[in-house]
Amino acid sequence: MDYTIATKDHEAQVLMTGRLTFNDHAKLRALIKEMLQNASKRQVLDLSALEFVDSAGIGMLLIAREELSNLDKQFVLRKATGQVKRVLTVAQLGKLITIED
Amino acid sequence: MNSGPGPASPSGKDLVGLSRLPVANSPILVVDDIEWNRALIGTLLEETGYTNIRYAVDGADALAKIAASIPDLVILDIMMQGIDGFEVLRRLRANPDYDGLPVLVQTALSGVDDRNRAFDAGTTDLVTKPLERTELLARVAIHLENRSLIRSLQQYRGRLEDELEMARKIFEHMLPTNDTLEKLKATTGLTIRSHMLRSSELGGDIWGTVRTADGRVGIYLLDLAGQGVSAALNVCRLHSLIQEFSGLAGEPARFVSELNRHARELMVLGEHAKMTFGVISPATDCFTYACAATCNPVLLLPGGAAPIFGEAFGLPLGADANAVYEEREFPFPPGASILLHSNAILDAIDETGANFTRPRFSDILTTALTSTDQKSAFPAITVALDAVVGNPPSDDHTLVWVSR
């Protein structure tokens, strides 16, 4: 998985590409740290270019949600497709995290 | 350049001295048929602080000493009477016991062809004669360090593999035994079969049965997030929770909700599990189940009807302490079968670029079932799905099959 962060319309937009799996643990930790530190209240993960997420990846999203909410930051998942969309839907993550199309 | 005796250069820093790694006691074998050369190399090494230097007086002696005890480095002369350095190299490299043994060849051969011939024979590195102290010590240090680092990596890797193997045994220990399943069949008439392909990293799948207070059979499939040892720990935690709360198993949604509440307390933030739990009620011909982020159970009715997929939405266990799980129901008449499966199959289908996972999965099942009778339906499905997930799969692949 790779990511880039841009600040637009008062929100931090993180574009994720590739596959988000167990092996991305360190990288995702670093991303969460960046999201905690940047000034935007709203942190958006743009998942349109993410091809695959495994259960460890879902776990990291849950960690991000909790840590951001501790700092009163909003966490949004946007534009998931394919396998990623299926996994988010089946796991009903929409009940815990704002999911936008 | 400091070429005199003694380890320290005039600046007080010896750039070619002993490594900071613990290599001073590494065994080094010096092979030379001229005594004066052996003494020279030995002195340079000893002055630097190497303490475990052995000597061989010719090729045959070198092979015998290496066979008796493999050193960490061989410093080998090429031009020797009898078995020469090339032949020593050839024999060492032909023996897998000496894989990774570094051989530093000292040679007066200065032509490119000669040097290439030495490398072709399996030389790790070369030092030219007449020997230059700095060069020799630098190369000795490099190869001993490599040897030491590779050895510690191998040890670390070996330990990880041992731990993974222990975790694997823990998993296997928690699965129902054939004996349990035979007894279950004898008392309830239910045939339960399973098939598992473990990923090389050890995913987190287990399954099992629970008896409800009124004697019905409950069946679960668990898929722990993550891999290896941490997944194994969480499997143990959930397995004991399942036993502890089995009194609630008659009500699948309540049972799963209770497990979830406790799982949230036991597991570290981010750790979670997927679970399907269902209870078979022969009196009412139905299968009542609840799902936590797992895959849809599949109903296969007798008579070749198309597979029916149940709904499976639900938060994963451990994500939210207050999650509420829904109870769903399947008809489960005699002759029908239910297939529970972990998500490896759907992930594999998605990865092949099929966007409509469920129709594709349905096609695979239908194709597998058309060419077989009821009896061999499970083996046929197993083979068809194995072909999709690959072996070993990238995540644990589990099928549990219940038929009445």
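The C-alpha centres of domain 1 and domain 2 of chain B lie 59 Å apart. The model is predicted. The domain assignment of chain B places domain 1 at residues 28-155 and domain 2 at residues 175-403.

Within chain B, two helices pack against each other. Helix α5 of chain B covers residues 133-174, and helix α7 of chain B covers residues 228-244. Their axes are 9 Å apart and meet at an angle of about 25 degrees. Angles under 35 degrees count as roughly parallel, and α5(B) and α7(B) are therefore roughly parallel to each other. The crossing of α5(B) past α7(B) is left-handed. On the α5(B) side, the contact is made by E163(B), L164(B), A167(B), I170(B), F171(B) and M174(B). On the α7(B) side, G228(B), V229(B), A232(B), V235(B), C236(B) and H239(B) take part. By class, this contact of α5(B) with α7(B) holds nine nonpolar, two polar and one charged residues.

Chain B also contains an open sheet of five strands. The strand order is β6-β15-β14-β11-β12, with antiparallel pairing. Strands β6 (191-197) and β12 (308-309) of chain B form the edges, and each pairs on one side only. Strand β11 of chain B spans residues 298-300 and runs antiparallel to β12(B). Two bridges join β11(B) and β12(B). In one of the pairings, V298(B) has F309(B) of β12(B) as its bridge partner.

A helix pair was also examined in chain A. Helix α1 of chain A (residues 25-37) packs with helix α2 of chain A (residues 55-70) at an angle of about 20 degrees. The axes of this pair are 10 Å apart. The helices α1(A) and α2(A) are therefore roughly parallel to each other. Their crossing is right-handed. From α1(A), the contact draws on L28(A), I32(A), M35(A) and L36(A). From α2(A), it draws on M60(A), I63(A), A64(A), E67(A) and L68(A). The residues of this contact of α1(A) with α2(A) divide into eight nonpolar, no polar and one charged.

The two chains touch each other. The contact takes 19 residues from chain A and 21 residues from chain B. Helix α9 of chain B (residues 344-351) gives the most to the chain B side, with three residues. The chain B side that touches chain A comprises eight nonpolar, seven polar and six charged residues.

Key. Residues numbered from 1 in each chain as written. Chains lettered and ligands numbered in written order. Predicted model: local features only at pLDDT ≥ 70, side-chain atom pairs only at ≥ 80, totals over all residues. Domains from an automatic or database assignment. Contact = placed C-beta atoms within 7 Å. Helix = DSSP H or I, 4+ residues; strand = E, 2+ residues; numbered from the N terminus. Nonpolar A, V, L, I, M, F, W, Y, C, P; charged D, E, K, R; others polar. Axes fitted to C-alpha atoms, helices over the stretch in contact; angles between N-to-C directions. Parallel < 35°, antiparallel > 145°, perpendicular 65-115°, else oblique. Left-handed = near helix turned anticlockwise from the far one by under 90°. Pairing = 2+ DSSP bridges.
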